[in-house]
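Hello,

Here is the structure I promised to pass on.

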Amino acid sequence: MTAAAIVGVLAAAGTYLVLQRGLVRVALGFVLLSHAANVLLIAAGGLGRRGVPIEGSPGPAADPLPQAFTLTAIVIGFGMTAFLLALAFRTGVELGDDDLEAGGGAATELGDDDLEAGEGVGAAELDGPDGSAEPGGAPRREDAP
Amino acid sequence: MSWALTLPLALPLAAAALTVLARGRPAAQRVVALASALAVLACAVALVWATRDGEVFAAGMGGWPPRFRITLVADPFAALMLAVTALMVTVCLLFAAARGDDERPYFHALVQVLFAGACGAYLTADIFDLFVFVEVALIASYVLLTLGGTPARLRAGAVYVTTNLLASTAFVAGVALLYGAAGTVNFAELAGRARDSGEVAVAGAFILAALAVKASLVPVHGWLPRSYPAPSPAVTALFSGLLTKMGVYAMFRVYCTVFEGDATLRTPLLAAAALTMLLGVLGAVGRERMRDILSFHMVSQVGYLVMALGVSGVAGLSAGIFFMLQYIVVKTSLFLCAGAVETFEGTGALKELGAVAGRRPVLAAAFGVSALSLAGVPPLSGFFAKLALLQAAFGADDHAVAAVAVGVSFLTLFSMVKIWNGVFWGERPAAATATTAGAGGAAPGDAAAAPPTRRRAGALVAPAAALAALSLAAGLGAEVLWALSQNAAALLADPAAYVEAVLR
């Protein structure tokens, strides 16, 4: 029951943050959402069984497999969070704000209308095979040595 | 044969490491990347050959008992998907090399990681490992999509990353529910469990819903047309061949094993399929850029694949597998054509293009063949795929969804003719000539500013032409591919051999 409440609160707060406009808030929202999923995974292995999984120890032990799943999921969630924060930072550098619908850039005014999204995408087509059309030049490219 | 199952994972990951070490030497990176793709292709073809009679190969890692070990398994479906994936990676790498996209230091490493993730997703026998491999592929795709960091790509990247991340979180939550309900995540042990237990069925449906986002089924398709046209054309082509298909493959696998013919989800799947076909193709009507139009068609075609899953049975699944295999080839060819046009002309907007057929006849032929195949015109592969699918649908008395499928084929043809008329026929608008010459928006260093040499032009067109020829061959020799698809579908519809191989 406690686990269910924790998952519910984390998922609700995460959903609220993911629906915000700024990418940093979205990243934090995903942190909470992935924690909700992690708690759910742990709960799948049985929270009531707290014994130590060693021979001769008292009481039944929890299932270790979901704990291994959770460790994996935490690592993946960590990587995704790092990427989202990098994306937010890069967006802040390019657009002057981590809010994708505000800020500068070539096709901003068309930003939040789904029907117009393709026009905004057009800017991407203009970079040549060597990627030389990117604003900002070499020092800001993430692949600069 | 079992040792061969580790190669499609090990080779791309090793190649990814090597290409990072060979940073700054594009030629060496190309050789390593292509060698990895070709080696996996050879391995996959060997697996297709070995599984042609319905044999299933499994390789358990680490010597644990079957229940706990990580198992890689190749049934005919997985082997076929592996082969077509390796082929697409090879072709897209050649195109990227011709376009110069692969000169970014980490391009090859990212493609190889994406490739490894896709291979792992096809080969795994475990739903949690499926999640892990899908994530491996996705995180590489996030970076590939935003590579370059232009505002348009960052916007597309934000939509793409957040949607897929949300779907992944839902996926892992579904895995938790499934483990809680069934006590296992092994496909072999999950086989048919949803028929007996309502809890497992709910968890399975939760996972299918998460996978539907990744496969871009209506109504959760909005991210795909907004993000796929943004990266460089080689990356779009690669994504079209690998990523959404991975979602569809996972849906096939989960639905066919966990639900094993249970008909509860049949109606929702067919309804979603019909809506996806229709809304995808209608979304394409208003678009004015080649890759935008093609991206919406991608949504539409996913509808056909899910329709096959909904129709189910050996007939429906054979049609679905045949459809998926030939469709990956056709769609990648179309995106490569669009990429070649954009490289030659400097734009993909229909209004600014025209009369390309006169200047690039081979490219026009490749596009024409692939477009007709997508619409389903005989004798191309798309025709046989749709024929088999419609036969299966009528055989299962799904007349309504079959009618939608036929209607959408006409609309697809209409859309392809629109691209053909806008890009390859007619005359090039005078204003557009001025634009691409550098007056309005074309950046310096753009491909249009410096016309590609004859040799480079050939290298840009050849990949698309080769895939179009393959579609024609798959149409003329449909019997071979059809036999393989039927064999794969038989094992998918009755997982007894799969279960036996995994738990042995």
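Predicted model: local features only at pLDDT ≥ 70, side-chain atom pairs only at ≥ 80, totals over all residues.

B:Asp397 lies in the loop between α17 and α18 (399-424) of chain B; helices here are DSSP runs of H or I with at least four residues, strands are runs of E with at least two, and both are numbered from the N terminus. Although B:Asp397 is not a glycine, its phi is positive, at about 65 degrees. The residue is exposed, because its C-beta has 9 others within 10 Å.

Residues are numbered from 1 along each chain as its sequence is written, while chains are lettered from A and ligands numbered from 1 in the order in which they are written.

Is B:Ser216 buried or exposed? It counts as buried, because 25 C-beta neighbours fall inside 10 Å. The loop between α9 (198-215) and α10 (223-227) of chain B also holds B:Pro219, and the peptide bond leading from B:Val218 to B:Pro219 is cis, with omega near 5 degrees. Another cis peptide bond links B:Pro378 to B:Pro379, with omega about 5 degrees. B:Pro379 belongs to the loop between α16 (361-375) and α17 (381-395) of chain B. As background, most residues other than glycine have a negative phi, and most peptide bonds are trans.

Now to the helix packing. In chain B, the axes of helix α5 (residues 127-146) and helix α6 (residues 151-182) come within 10 Å and cross at roughly 175 degrees. Axes are lines fitted to C-alpha atoms, for helices over the stretch in contact, and angles run from 0 to 180 degrees between N-to-C directions. On the α5(B) side the contact includes B:Phe128, B:Phe131, B:Leu138 and B:Tyr142, and on the α6(B) side B:Leu154, B:Tyr160, B:Phe171 and B:Val175 are among the residues involved. Contact means that the C-beta atoms of two residues, placed from the backbone, lie within 7 Å. By class, this contact has 14 nonpolar, four polar and two charged residues. Nonpolar covers Ala, Val, Leu, Ile, Met, Phe, Trp, Tyr, Cys and Pro, charged covers Asp, Glu, Lys and Arg, and the others, Gly among them, are polar.

There is also a strand pair to show you. Strand β1 (residues 57-61) of chain B pairs with β2(B) in the antiparallel sense over five bridges; pairing requires at least two DSSP bridges between the strands. B:Phe57 has B:Ala74 in β2(B) as its bridge partner. Strand β2 (residues 70-74) of chain B is mostly covered, with four of its five residues buried. In strand β1 of chain B you will find B:Gly60, which is partly exposed, with 19 other C-beta atoms within 10 Å. Leaving out residues up to four places away in sequence, B:Gly60 touches B:Pro66, B:Arg69 and B:Thr71.

Chain A has four helices and zero strands. Buried residues make up 33% of its 145 residues.

Finally, confidence. The model scores ipTM 0.84 and pTM 0.87. In pLDDT, the predictor's confidence in each residue from 0 to 100, chain B averages 88, and 95% of its residues score at least 70. Chain A averages 72, with 68% of its residues at 70 or above. Please read residues 103-145 of chain A with caution, as pLDDT stays under 50 there.

Best wishes

Notes:
Buried ≥ 20, exposed ≤ 12 C-beta atoms within 10 Å, placed from the backbone.
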